[in-house]
Amino acid sequence: MNKTINQKAWLFVIPVFILVAFNAVVPLMTVVNYAFQETFGNNVFTWEGTRWFKQILRSDRFHSALGRQFLFTGVILFIQVPLGIAIALTMPKKGIGVSVCLVLMSMPLLIPWNVVGAMWNIIALPEIGLLGHTLNDLGFDYNFTQQTGDAWFTTILMDVWHWTSLVVLLSYAGLRSIQPAYYQAAEIDGANRWAVFRHIELPKMKKVLTIAILLRFMDSFMIYTEPFVLTGGGPGNATAFLSIDLVKMALGQFDLGPAAAMSLIYFFIVLLVCWVFYNLMMRNEAQG
Amino acid sequence: MSKITLDNLSHSYLDKQNSDADWALRDINLDLQDGGAYALLGPSGCGKTTLLNIISGLLNPTKGKVLFDDKDVTSQTPVERNIAQIFQFPVIYDTMTVYKNLAFPLKNRGMIDSEIDSRVKEIAEMLELTKTLNNRASGLTADGKQKISLGRGLARSNVNVIMFDEPLTVIDPHLKWVLRSKLKELHQKINKTMIYVTHDQTEALTFANQVVVMHEGQLVQTGTPVELFEKPKHTFVGHFIGSPGMNILPCQIQSATPVIDGVKISTNSQIKKSNFSKTEIGIRPEFVSFSKEGIPVKVLKVSNTGRHKIIDTECKSGKIKVLSHPSKDIPSGSAFLSFNKKYTYTYGDSWIIE
Amino acid sequence: MKKYKWLVPTIYILFLMLPIYWLLNMSFKTTTEIINTYSLWPQKFTFENYITIFTDNTWYTGYLNSIYYVVMNTILSVVAALPAAYAFSRYKFLGDKHLFFWLLTNRMAPPAVFALPFFQFYSSINLFDTHVAVALSHCLFNIPLAVWILEGFISAVPKELDETAYVDGYAFWRFFFKIFIPTITAGIGITMFFCFMFSWVELLLAKTLTAVAAKPIAATMTRTVSTSGYELGLLAAAGSLTIIPGAIVIYFVRNYIAKGFALGRV
């Protein structure tokens, strides 16, 4: 797209800027403040410099939590993105099927996250839960509170159930926005279904898909409530993802300094990955 | 290459039709000769794109048939009909180069690479795209992109008809005439049937050999640009074509002669019936002149465009525009107008009385 | 192959509905039954959970409070985001790329980080325990979301459309509302739903910034983890009820989403 240079465009952006900055600046200052200090309670702080940062970055505990987190997020993206796109491609375009699909698919997204965790906790219990009971009936030795593999399986299943619809809805809306002329031209050009997907649908959905992927990355990387309620981070530390570990440290040990430092490191990792991904995806736009 | 016949076509986008207004197209009968350059002209919403899409096969008509060379193709797909269509805004494959865009329809039909290569180069030459062949299609300007769309349509050598749906809509005004001439030139070179849909009369009148005027879903008149100009069969045609359009004035019929403001008007029409709910006189401003007697009018305004003078006048029955030579003197205040009988027509219920 | 297309969304929906069925199942059971028996439908069917919710004032008002601030936030976010998204899509200006990315960074911090500072901040400007406070605080993450989604949809509309309208003599705002907005209905529909959804499920800030007057269901939801352990039946009933408003929202915007590109002839 050839954008026109127009500095007055800032006027359009000002409301957004104010509303967001209003919220963003204050807490940020607080966090940064804490990250560089030590407290022994009573609101007494001593300057600690970069001690907390070094401590975190060198700790094994941090590394394993980080590793677990990347693995989890990787699996989630790998499943949810293609699955979401595939479902969006097969959804009806008009008629009552549209309402049925949209309403039913949006339901998992609307349940408060602690309820999601709690309900999956019950569902996964071997004696009284639909999933747990059925799996054990089928002969699997399934126990998510004691077996790491089962805990991971359940957590991933829960997240797929909870969030895939986000990718579906975004992809669906993106698909519906493609002007009919493109499909008509492709029909006239004799293109087959795969060519239409590859040359028309996928390119036209690129921005929307970028958003979906970035959202899923960020949210799964920062995930807290659902796995906490489901497994508590267990068994042991098996499903203690980064956020869970962070809160344990901050609340449990009241180490505000390291916790704040960890928050900042956390933030920078997310920032970096998003920045890289965003630039990769949008690299083509600059040439186009 | 084929002759196209439209047989009693009607189309509605609704499942049930309660009135005329529910039909997008009504009773279209039309013969398009092989190799002709046709324009479908009409205001927005008159049904021209609907008709175009029915001819190309993108839309199935509610009633009626489409025939290519007397063969019923109504149930055939666009691919089977071998047509090409260029849309209102450039439709290109963003991810491909210009070369790949042009080669795309050929590849889908299983042509071998060497043939594809020579054909693509040939088309690029014709459309002056050769220099950009290896550039990304998305980087071209709007007119370049439309040329790519056109190229994809032309690439297949056995194309029957090429259809244009207001293709110059997004083109810069100063490039419009360049592309328009290019299209005309193309038509003369490749001699295929071309159908051009537009609401712009200049485009229609310069491109086409035959213009089909549409209004509210019906074909109003088909003819050469000159025929449409000199003898509009419907007041809509008279009003729509020409700038300024035809003067249409209500008149009464007294003993088989039309009368305006008490003045008898001699026209080219023979009035036999007189049971119309509405009768009007149509005369183009070019054929109105000031004289010593005729319809009494008041001269309101004179504008000089350099090429001619446009005079706005008013009589008791309505306004009349007059076109005259730029150097001619124009009377002011009150005057009389006379109409050139050869080009004066009477219209009953908007249709011409011959 | 094309015939079986419908199987895909059907199987997916079945997968989604199973746990929801289970949730409903639990909502009609007593907590004791849930914990002690495995039953595909309530052995002792009871409305007691729902009755508790409907008769307890805090649940009922909590529900309304939530709807109130969520709607406020959704409207505010979409209205503010639309012009900004348009600007980001169509114009180049100083700092545009960085600003755009900065917006997204506001969604990158774990919410726990904001709880205490927000509490102090909103208290200091006398907005503690108001709907406005929650609605405003949710702008932190909803506005970037709205801007990003809308920008994606706006960019999909060819810029030639804007220019054609200008040539036809449209004043800018008239063009924006009459011609442009209809082309991005899918984007607006989906943005509204997502803003609604993310604000609706946000518990931490909503709880932190309110006490009594604007107390949302969020607070009461977490209250069900009482000293006696989880009141599962109640939680399930409340959870089921929270689905309803969002389902209504998406029902209303379904046509905007499905119709997608609705370009009128210019």
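**Reading domains, sheets and chain contacts**

The domain assignment of chain B gives domain 1 (4-235) and domain 2 (247-353). The model is predicted.

User: How far apart are the C-alpha centres of domain 1 and domain 2 of chain B?

Analyst: They lie 38 Å apart.

User: How many residues of the two domains of chain B are in contact?

Analyst: Domain 1 of chain B brings 5 residues, and domain 2 of chain B brings 8. On the domain 1 side, 1 residue is nonpolar, 2 are polar and 2 are charged.

User: How do strands of a sheet pair?

Analyst: They pair through backbone hydrogen bonds, either parallel or antiparallel. Now take a case in chain B. Here 4 strands form an open sheet, in the order β11-β15-β21-β22, and the pairing is antiparallel.

User: Which strands are at the edges of this sheet in chain B?

Analyst: β11 (247-250) and β22 (351-353) of chain B are the edge strands. Each of them pairs on one side only. Ignoring direction, neighbouring strands of the sheet are turned by 40° against each other on average.

User: How many bridges pair β15 and β21 of chain B?

Analyst: There are 4 bridges between β15 (residues 279-283) and β21 (residues 345-348) of chain B, in the antiparallel sense. Look for I281(B): its bridge partner in β21(B) is T346(B).

User: Which strands pair between chain A and chain C?

Analyst: Strand β1 (residues 4-5) of chain A is joined to strand β1 (residues 91-92) of chain C by 2 bridges. These two strands run parallel. Opposite I5(A) stands K92(C), in β1(C).

User: How many residues of chain C are in contact with chain A?

Analyst: 88 residues of chain C are in contact with 81 residues of chain A. Helix α13 (residues 232-259) of chain C gives the most to the chain C side, with 14 residues. That side of chain C divides into 68 nonpolar, 13 polar and 7 charged residues.

User: How are two packed helices described?

Analyst: By the angle between their axes and the distance between the axes. The axes of helix α7 (residues 148-176) of chain A and α13(C) come within 6 Å and cross at roughly 55°. The helices α7(A) and α13(C) are therefore oblique to each other.

User: Which residues make the contact of α7(A) with α13(C)?

Analyst: From α7(A), they are Y172(A), A173(A) and R176(A). From α13(C), they are I257(C), A258(C) and K259(C). By class, this contact has 4 nonpolar, no polar and 2 charged residues.

Conventions:
Residues are numbered from 1 along each chain as its sequence is written. Chains are lettered from A and ligands numbered from 1 in the order in which they are written. This is a predicted model: local features need pLDDT of at least 70, side-chain atom pairs count only at pLDDT 80 or more; totals for chains, interfaces and linings use all residues. Two residues are in contact if their C-beta atoms, placed from the backbone, lie within 7 Å. Ala, Val, Leu, Ile, Met, Phe, Trp, Tyr, Cys and Pro count as nonpolar, Asp, Glu, Lys and Arg as charged, and the others, Gly among them, as polar. Two strands pair if DSSP finds at least two bridges between them. Axes are lines fitted to C-alpha atoms, for helices over the stretch in contact, and angles run from 0 to 180 degrees between N-to-C directions. Angles under 35 degrees count as roughly parallel, over 145 as roughly antiparallel, 65 to 115 as roughly perpendicular and the rest as oblique. Domain bounds come from an automatic or database domain assignment.
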